[in-house]
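Got the viewer open and a selection box ready? Let's take a walk through this structure, one stop after another.

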Amino acid sequence: MPDLSHGDPADTAAVNSLRSAVMRLGRRLKHQRVDESLSPTEMSVLGTLARCGSATPGELARKEHVQPPSMTRIVALLEAKGLVRLEPHPDDRRQKVVSSTETAETMLEESRRKRNAWLASLAEGLDEDEWAKLRAAAPVLEKLAHL
C-alpha cells in the first residue's frame, strides 16, 4: 500500500488529479437529476435507504455524516413528499424506522437510468484502452467511496 504522507510528487499529482476529476464529474452528475425538487442530500438519503434498507434516523445520520437533528428534518421533508414512511421500531417504542416508498424507489431507478445513460454517452468518447482502465478502476473507486 502506498504511503502518501511522504509527499512523493507523482503520488501527490495523482491524488490531486483524482480529487479534481471526481469533484467535476460529481457536479456534472448532480445536474442529471430526474426530480429537481429534491436536494442532493435528500437524494443521498434515499440512495442510502435503497442500498442499506430501512434504518432509524440516527443510523441514517451516521451513514450520511450529518447531525441527528438535520436528519430528522430531512426525513420529515421526505415523508411529506411521500418518499419515505416512518414505522414503529420493533424493539424500542421511542424510535422510528425509516423506509423508502415505492414512489421513491421508482424515482431512484429513473434517476440511475438517466445518469447511467449520460455516463455511457461520455464513455463513448473513450478508446478501448481507456475504457478497459476505467472498468478496472470502477471497483477501486467504489471502495474509496465507502471507506
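Start by selecting Leu134. Its relative accessible area is 39%, so Leu134 counts as partly exposed. You'll find this leucine in helix α6. Keep in mind as you look around that this is a predicted model.

Leu134 and Arg93 are 41 residues apart in sequence, and 47 Å separates their C-alpha atoms in space.

**Zoom out**

Along the principal axes, the C-alpha atoms fill a box of roughly 55 × 35 × 20 Å. The radius of gyration is 19 Å, while a compact globule of 147 residues would come out near 15 Å. Switch to a cartoon view and you can pick out six helices and two strands. Trace them from the N terminus and the order reads α-α-α-α-β-β-α-α.

How much of the chain is buried? Buried residues account for 24% of the 147 residues.

**Into a buried spot**

**A loop stop**

Next, click on His65. Where does His65 lie? Look in the loop between α3, residues 57–64, and α4, residues 68–80. If your viewer shows backbone angles, check phi here: for His65 the angle is near 60°, a positive value in a residue other than glycine. His65 is also exposed, because its relative accessible area is 72% and anything over 50% counts that way.

The whole structure holds six salt bridges, and we'll visit some of them.

Then move along to helix α5, which covers residues 102–123, and select Glu109 together with Arg112. These two form a salt bridge whose closest N and O atoms are 3.5 Å apart. Why is the spacing along the helix worth a look? Arg112 and Glu109 are three residues apart in α5, so about one helical turn separates them. Both partners are partly exposed: Arg112 has a relative accessibility of 37%, and Glu109 has 35%.

Arg113 and Glu109 lie four residues apart in helix α5, about one turn of the helix. Salt bridges with shared partners tie Glu109, Arg112 and Arg113 into one network.

Switch to a surface view for the last stretch. Which residues make the nonpolar patch? Select Leu18, Val22, Val140, Leu141, Leu144 and Leu147, and you have a nonpolar surface patch of about 560 Å². Helices α1 and α6 (128–145) each supply at least two of its residues. The largest share, three residues, comes from α6.

Pick out Leu144 from that group. It belongs to helix α6, and its relative accessible area of 45% makes Leu144 partly exposed.

For the other patch, select Arg19, Arg24, Arg27, Arg28 and Lys30. Together they form a positive surface patch. Finish the tour on Arg28, which is found in helix α1, residues 9–30.

Conventions. Residues are numbered from 1 along each chain as its sequence is written. This is a predicted model: local features need pLDDT of at least 70, side-chain atom pairs count only at pLDDT 80 or more; totals for chains, interfaces and linings use all residues. Side-chain values use heavy atoms; hydrogens and water are left out. Patches are made of residues with over 30% relative accessible area and no salt bridge: like charges are joined within 9 Å, nonpolar side chains (Val, Leu, Ile, Met, Phe, Trp, Tyr) within 5 Å. Accessible areas come from the Shrake-Rupley method with a 1.4 Å probe; for residues, only the protein chains shown count as cover. A salt bridge is a side-chain nitrogen of Lys or Arg within 4 Å of a carboxyl oxygen of Asp or Glu. Lys and Arg count as positive and Asp and Glu as negative; His and the chain ends are not counted. The place of a charge is taken as NZ of Lys, CZ of Arg, CG of Asp or CD of Glu. The radius of gyration is taken over C-alpha atoms; the globule rule is 2.2 Å times the number of residues to the power 0.38. Buried means under 20% relative accessible area, exposed over 50%, partly exposed in between (1.4 Å probe, protein chains only).
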